Structure formats: structure tokens, C-alpha cells
Amino acid sequence: MCGIVGASGPGNQVPQLVKALSRLEYRGYDSCGIALQATGRIRSVRTLRRVTDLEQRLTTLGLESTTCIAHTRWATHGAPSEINAHPIMSGDAIAVVHNGIIENYQTLRIALSSRGYTFHSETDTEVIAHLIHSEYTGDLLVAVRRAVKQLHGAYAIAVLCANEPERLVAARSGSPLVVGIGAEHNYLASDCWALHHLTDRFIYLDDGDVALITPERIQIIDADGRDAQRPLFRVKAHDSAVDLGPHQHFMQKEIFEQPKAVRDTLAAIDTISPSLFGAGVDARKLLSEVDNVLLLGCGTSYYAGLTAKYWLESIAGISAQVEIASEYRYRETVTNRRTLVVAISQSGETADTIGALDHAKELGEPPATMAICNVATSSIMRATTLAYLTRAGIEMGVASTKAFTTQLVALLLLTLTLARLRGRLTAAQTGEWLDRLRRLPTDIESALALETQIMGWAVDFADLEHALFLGRGMHFPIALEGALKLKEVTYIHAEGYAAGELKHGPLALVSGAMPVVTIAPDDQLFQKLVSNMAEVHARGGRLYVLTDSSSAFDTAKDGRLIRMRDGAGMLSPILRVIPLQLLAYHVGCLRGTDVDKPRNLAKSVTVE
Ligand code: F6R
């Protein structure tokens, strides 16, 4: 999704800023650009191509500057085009880069047009540029503060003014922005990852903040117009994440990092206790008070929540609802004041999940809110009373893989904690669970060893345009996730279904051309699933079955089988998803898609 970077300080900042921008490329974008202060005027360079193209153009033009802002754009209002790429200018005076969506931009556009402003782009951002210009009376900070008061929606912006050469003004509401503190320079970014080659000291802006950034100082003014002090964080870089090592793509690397990611997520756990979810708060009291769990998330994180529902209800005996964050936030719901609200998010910046969490808080003052998140400093981590930090390491591939499996591990730890508090697990049983969790990285390695067999399946899928994924019980969400992974990285139309639903409609799709991937562990639903597969077989559907080593299958009749180790029990979803990730990855490679940056998609979806 869109990315912002900015810098102000002595010397030419352009090369550092371009590098910062390139560190945001993994998030997905369709155009990019830079605006820089150059001897009393603002120069802007934009391209529909990659950041390297921008870099080449800047070198050719010989442009240098001490103060600049840059952007990667993921189109929302207006097609991907050079004219819609940021920075967006108001005349020669004001340059703006913007993440987010301005909901009242049409009204503002009409009002500004009637005052003589001409619009050149289709973007909502252009109203911000003109609005700031219209409010400017000699002080950019004041103009930005006046302008943002008129905006409805979500935004993070960085602004330059031709009259104020060393000043950079930033503002945020609902979209993240962080100030990086250097020795002689100060920086700005939508994600501190962009600035790790420049500093490890960061200040996170709060919603409503407007900040003035110069080489010497940072001035922050909060939503009420008061000078604000925000805490300084030191955030360590994990630059090993940008090395592919022996892998061809980040997606493959991250799939293979799952044993380590799970091991790291479980590190330092020697017992199951509420304190896993919060050091400085009374986690035991908060978790003891709840009798219901509401899980909120989007996409893959939502599927993690769906899987956890099965665990929470059967292991902890607590009722659980799972809601798509973008739906829940606008729905009228019946509030249970003893609900634990859990926001699940890899990035911790997903606008819909943040909105849903805020909505839950507004509705019912739940006794506890919890983040399950992979980014310690993210907005969601800072917005909840309890949290579990998954330690997957930065995920560069747009399609979530290791973040998902570590979310599942965190949700299982939550389930076990609630089960213990509710008297559903003895100390001995808890110890057995911990032993099984500790064996999980090794079991994941066994699942990864299936890669060659999965590559065989991938050859069959490479020329297809449709696929079905079936599962039952806690493997139903894994079928959904398998289908999502396939459609994301291969552009094959894929659907996940609860296998029992097949005969209620989707069976009409089944023919000799339809591959049906079935997750079929030898559990209590196995015989039911065998019947569902017979329904597919009878209609000539092509079955691809993930089953256990001991389950009774006739390969001639039942299609292509891949057998996984027996006895995964409740941990089975975490293992079964791995071959499905590998399938999507290898089919994508065979079809020649950009598996790390699938078309139209973005990492960290910070707009609604
Ligand atoms: C799919 C995927 C997305 C995200 C979703 C939520 O591979 O990555 O569906 O899961 O956009 O993102 P987070 O987890 O950052 O809130």
C-alpha cells in the first residue's frame, strides 16, 4: 500500500530517501515520486515505473536537496498514472504526499474549484494540496493544521512549501506516521522499516498530531492544539529479512522460515499463564472476567480467528465469535460486556481492524482488548490493554504465510490460558500441551519436506482457471486460506468450502476440469469427508487429497494423495496449511506471476 518517506538535514538527502522508498516497495505500489526543495522552488519527479526508474531519472536530472518527501502510490482515487502519482502539487508552492482516503474530497473539490483552483489529477490528495495552499499565510505548520481540520477520512501526509526550504510538515489521522531521529537529520516515514538504514530512534505520531520537522527540531501539536511530547522508541532493524538466501522469492523464504518463526514465537514460554499477554497490567484479572471472545481480523488474519473459534469453544469451553473487521465495524451488534475483544493483524496497521477495535470499545467497554500482532510498535499493539507479539520477523511477501502460522500459535496460547483459568486443564495437561507446541517446529519441517510432491500437484494446476478447496471442522478455515493463497499469487479463481456444503450448491461446478483440494486428516469427521469426496469423484472431479499416513485411501479411486504425519490433533490446522502455501507458491512460479507482489494487492492495508 502507499508509503511515505521524508528527510530534512544537511547534505544531499535524495539518495538516502530513494533508498528509504525502496524499502517500502515490498508493500506493493503502482507509481512513485519525489518532491524536493531546490533553490527556492519545489521540483517534482514522478514515474509509473519502479523506484529504480525514479532513481535513474533523478541522477540524469542531477537533482539534489536537503529537504524532500517521496511516495509509493497504490491507487484508490484515480487510475495508476503519472498525473495521479504523488507528490501532488498546488501550483509551484505546495507539494503533498498522502496515504489514506479523504471521504469529503468531492465537496472540498467543488468548494476549491469555485475559489479558482484547477484540478489536474483524479486524486483525493489534490484537495489537500489546494486546501493547504488556500490556508497559507506565511506559516506551513499553521496552514496544515487549518487544512486537516476540514478533512474527513483517514490520512497521513507530508508537505513541503516552496517558501520554507528546510521545513517539512506532517499530519496523521487513522494512517500511521513515524518520525525518525538522526544525529543531524530528521526523517519521516509511514513505517519505521523504511528508515532503519538511517536511524533506530523513532517517535510515533498520534491521531490528530501535526508535526514540524527540521534538521534541528521536531515540534508536535496535538488534536487540541497543544504542544505534545511523544515517547521515543528504539527499534532494532532485522535486515536479514531482505536477504533471499537460497530462495527465489520472499514467499518461499518465509514459508521455509516457519519452523524458526514458530520457535521464536514460543521462545521464553515455560508455562501457560495470563502474564503471557501483558506484563504491566493485571492480565489474570482481566482474562478471568471474560465469558466470551470476539475475534476481529481481515483476510488471512480473519481465517486465523476462524480457526481459533474451534479451539476456544472445544478446549477452553468459551463462546467465540469471529467477525470480518470491515463488516463488524458498521454492524449493529448485541454487546456482551464480558467479552474479550481480540484484534488479529500481522501489520497492526490495517484500517478496518483498527476501526473494528475502536467500534468494539465504543459499543461496550469490554473488560479487555487484546492484540495478536507481528509488529511491536504498531497502532493496534498500542491500542489494546493486552497483547501477544508474534515473532515471525518482518514478512516481505504480500501473501501472508509465517505471520498466519504464528498467529495460530498465539491464539492457541490464548485458548490454553483461558482453558486453564476456567478449570478445563490441569497442570499436567497444560504441560503436555506445551510439549506438543515445542515439537511443532519439527513437525512443520516435516510438512515442508513435502515440497517436491506439492510441485507435482502444481504442474497440474498451472493451466487451470478454477479450483475448489474443501475442509471440515477446524480445517474449514484452512480450506479458505488455501483458496485465498492460490487466488492471490496465481490469479486462479479458487473457493474454499466446508465440505458438507458441497451438495448445497458448489457441486454444480464440479466436472472433469475442476480440481478439488481436500484436507482430510484421519479425525472424527474423516468418514463424512470421504462421503463428500465420493460426491466429487462420482461427477468426474479431480481430487487432490492431503491426508494422514495411516488413513485408508485408494489412490486409483480417490485421486492424488499426499500423506502427512499422523497425530497432529488440534495442531493439525497449523501443519495442513503449509502444503497449501507451497502449492500456491509453486503454481504462481509456473504461471510466471509476481508471487511476492501480486497484482493489485498491497501489504498493510491502511485504507478502508
Ligand atoms: C493474505 C493477506 C491479507 C491480510 C489482510 C490483513 O495473504 O496477507 O489477507 O491477512 O490484509 O492484514 P493484517 O494481518 O496486516 O491486518
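These legends describe close-up views of a predicted model. In this predicted model, local features need pLDDT of at least 70, side-chain atom pairs count only at pLDDT 80 or more, and totals for chains, interfaces and linings use all residues. Residues are numbered from 1 along each chain as its sequence is written, and side-chain values use heavy atoms, with hydrogens and water left out.

**View 1. Domain 2 against domain 3.** The protein divides into domain 1 (3-237), domain 2 (243-441) and domain 3 (451-591); the bounds come from an automatic or database domain assignment. The C-alpha centres of domain 2 and domain 3 are 26 Å apart. Domain 2 gives 28 residues to the contact and domain 3 gives 27 (contact: heavy atoms within 4.5 Å). About 2,200 Å² is buried between the two, 75% of it on carbon and sulfur atoms. Buried area here is the accessible area (1.4 Å probe) that two parts lose on being put together, summed over both.

**View 2. Polar contacts and the domain 2 face.** Nine residue pairs, both at pLDDT 80 or more, are in polar contact between domain 2 and domain 3. A polar contact is a pair of N or O atoms within 3.5 Å; within protein, one must be able to donate a hydrogen and the other to accept it, and residues adjacent in sequence count only if both atoms are side-chain atoms. On the side of domain 2 that touches domain 3, α6 (250-256), α9 (299-316), α13 (402-421) and α14 (427-448) each supply at least two residues. Helices (H or I, at least four residues) and strands (E, at least two) are DSSP runs, numbered from the N terminus. The largest share of this side, nine residues, comes from α9.

View 3. S400 sits in the loop between β20 (386-389) and α13. S400 is buried, at 11% relative accessibility (buried: under 20% relative accessible area; exposed: over 50%; partly exposed: in between; 1.4 Å probe, protein chains only). Leaving aside residues up to four places away in sequence, S400 touches T300, E395, E481, K485 and K603. I394 also lies in the loop between β20 and α13. I394 is buried, with a relative accessible area of 18%.

**View 4. T52 on helix α2.** T52 belongs to helix α2 (residues 51-61). At 48% relative accessibility, T52 is partly exposed. The C-alpha atoms of T52 and H249 are 19 Å apart, and the two are 197 residues apart along the chain.
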